[in-house]
Amino acid sequence: QQYNYFPEAYLELSVGGYASCWPVRLRNLLNGNQDVFYCPAQDPQCQWKPDAPGPVVLAGAFATNVGYRLGERLLLSQGMYFSYGTNDVGAWGGPGFPSPRGMSNLFYRLVDGSYWVGAAQRSSSVKSPSEFIMIADTGADAYGDFEIKAVQGSPDQQLSLAEIHRGGSNILFADSHVEWRLKSDLFTQWPPVPEEAYKQRFWNADNQPARPWP
């Protein structure tokens, strides 16, 4: 609401891969507090600390453009554990269907020492804030923990909701309320099917279901 855009963004690295930026962008609104990004129900390795498990890449001057502090550890998409993920792409539909439909379409790319900024998605794009998933407990397996997806790609790539609170997850919706939900309440099939339109709407900013694949 303060900036009228979603905080989700990615920093593409010259060494390969990318770093998530939404936690550092929100941290700036929390007086630097990083403890709120750790859920005590998760494994302690999910804590946002300089000595947390995983690969270490330090932020250079370029990374300060997206909220990182010079010399701090980047939040890498692979190999690092985290408690929460953002709904970054929504429930995708068939070929040619607009995407992403979640929070993310802001990328910062390092190109010859400069950076390029994509078109950020406005918060006003959310048609039903009380039904739009923003942030939730993530699977915390060090593979894309900063994101959640409507579907799971494979058992070792759990970009989906956790099952740590009585078998379910706490979900933050765009109107700021939090609900406990079972994974089965929101998890969708892939390719998407018409019978799950009511689930798909929760993931999409326009509150519309995904177009079925042929």
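## The largest pocket

The largest pocket holds about 890 Å³ of space. The model is predicted, and every value here is computed from it. Probing for such space follows a simple idea. Rolling a probe the size of a water molecule over the atoms shows where empty space is left.

Which residues lie nearest the centre of the largest pocket? They are Q1, P7, L26, L29 and M134, out of 26 residues that line it. By class, the lining has 19 nonpolar residues, six polar ones and one charged one. Helix 1, strand 6 and strand 8 each supply at least two residues of this lining. Helix 1 gives the most, with three residues.

## The sheet

Strand 7 pairs with strand 3 (residues 84–87) in the parallel sense, over two bridges.

Next comes the pairing of strand 3 with strand 6. These two strands run antiparallel and are joined by three bridges. Here T86 has I135 of strand 6 as its bridge partner. Strand 6 then pairs with strand 8 (residues 168–173), again in the antiparallel sense and over three bridges. In this pairing, A136 has I171 of strand 8 as its bridge partner.

How many residues of strand 6 (residues 133–137) are buried? The count is five of five, and the strand is described as mostly covered.

## Aromatic pairs

A search of the whole structure turns up nine aromatic pairs. One of them joins F37 and W48: their ring centres are 5.2 Å apart and their planes meet at 80°, so the pair is edge-to-face. The cut-off for that label is an angle over 60 degrees. Both residues lie in the loop between helix 1 (22–27) and strand 3, and the pair ties together parts that are eleven residues apart in sequence. F37 is buried, and W48 is buried as well.

F37 also pairs with F82. Their ring centres are 6.3 Å apart and their planes lie at 40°, so this pair is tilted. F82 sits in the loop between helix 1 and strand 3, as F37 does, yet the pair links distant parts of the chain, 45 residues apart.

Are F37 and F82 buried or exposed? F37 has a relative accessibility of 5%, so it counts as buried. F82 is buried too, with a relative accessible area of 1%. The cut-off for buried is under 20%.

These residues are part of a wider group. W22, F37, W48, F82 and F146 form one aromatic cluster.

## Charges over rings

The charged end of R166 sits over the ring of W180, 4.4 Å from the ring's centre. K183 lies over the face of F187, at 4.9 Å from the ring centre.

Conventions: Residues are numbered from 1 along each chain as its sequence is written. This is a predicted model: local features need pLDDT of at least 70, side-chain atom pairs count only at pLDDT 80 or more; totals for chains, interfaces and linings use all residues. Side-chain values use heavy atoms; hydrogens and water are left out. Two strands pair if DSSP finds at least two bridges between them. Helices (H or I, at least four residues) and strands (E, at least two) are DSSP runs, numbered from the N terminus. Buried means under 20% relative accessible area, exposed over 50%, partly exposed in between (1.4 Å probe, protein chains only). Rings of Phe, Tyr and Trp (its six-membered ring) pair if their centres lie within 6.5 Å; planes under 30 degrees apart count as stacked, over 60 as edge-to-face and the rest as tilted. A charge sits over a ring if NZ of Lys or CZ of Arg is within 6 Å of the ring centre and within 35 degrees of the ring normal. On a 1 Å grid over the protein atoms alone, a cavity is a set of points where a 1.4 Å probe fits but cannot get out, and a pocket is an open set with protein on both sides within 12 Å along at least five of seven lines; lining residues have an atom within 4 Å of a point. Grid points are joined across faces, edges and corners, and a volume is the space filled by probe spheres set on the points. Ala, Val, Leu, Ile, Met, Phe, Trp, Tyr, Cys and Pro count as nonpolar, Asp, Glu, Lys and Arg as charged, and the others, Gly among them, as polar.
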